[in-house]
Amino acid sequence: MSEYTPSLEDVIEQAIDDVLTDVHTCLPAVVVTYYPETQTADIQPALKKKYDDGTLTTRPIIPSVPVQFLAAGQFSFTFPVKKGDDVWVFFS
């Protein structure tokens, strides 16, 4: 059995890859509570976090997320939002 010693470049690349596996720019989620007066919602990310040992955990609820509807000029499309609705959450 041969011993493999990774280069510094390999170690850095692996560290970056490990960190990036938990970086998200958007996620599917579910509405927990909708607040029409502020047009915000508490949402539950739909994807569980998976750890290296294989265990899965539910991600925490994200409170007070702004809900955005399609709009242009003086017009907008709105629709009722309710608990249990599927949504797509963008992070910036």
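The second largest pocket has a volume of about 160 Å³. The model is predicted. Nine names make up the lining of this pocket: Asp-18, Thr-21, Asp-22, His-24, Lys-49, Lys-50, Tyr-51, Asp-52 and Arg-59. By class, 6 of the lining residues are charged, 2 are polar and 1 is nonpolar. Tyr counts as nonpolar, and Tyr-51 is part of this lining.

The largest pocket has a volume of about 440 Å³. It is lined by 18 residues. Pro-66, Val-67, Gln-68, Val-87 and Trp-88 are the closest of these to the pocket centre. The largest share comes from S8, with 5 residues. The lining of the largest pocket divides into 15 nonpolar residues, 2 charged and 1 polar. In the second largest pocket, by contrast, the lining holds 6 charged residues and 1 nonpolar.

A nonpolar patch lies on the surface. Its members are Leu-8, Val-11, Ile-12, Ile-16, Val-19, Leu-20 and Val-23. Together they have about 660 Å² of accessible area. One of them, Leu-20, lies in helix H1, which spans residues 8-20.

How values were computed. Residues numbered from 1 in each chain as written. Predicted model: local features only at pLDDT ≥ 70, side-chain atom pairs only at ≥ 80, totals over all residues. Heavy atoms only, no water. 1 Å grid on protein atoms, 1.4 Å probe; cavity = no way out; pocket = protein on both sides within 12 Å on 5 of 7 lines; lining within 4 Å. Points joined across faces, edges and corners; volume = space filled by probe spheres on them. Helix = DSSP H or I, 4+ residues; strand = E, 2+ residues; numbered from the N terminus. Patch = residues over 30% accessible without salt bridge, like charges linked within 9 Å, V, L, I, M, F, W, Y side chains within 5 Å. Areas by Shrake-Rupley, 256 points an atom, 1.4 Å probe, with all protein chains shown as cover. Salt bridge = Lys/Arg side-chain N within 4 Å of Asp/Glu carboxyl O.
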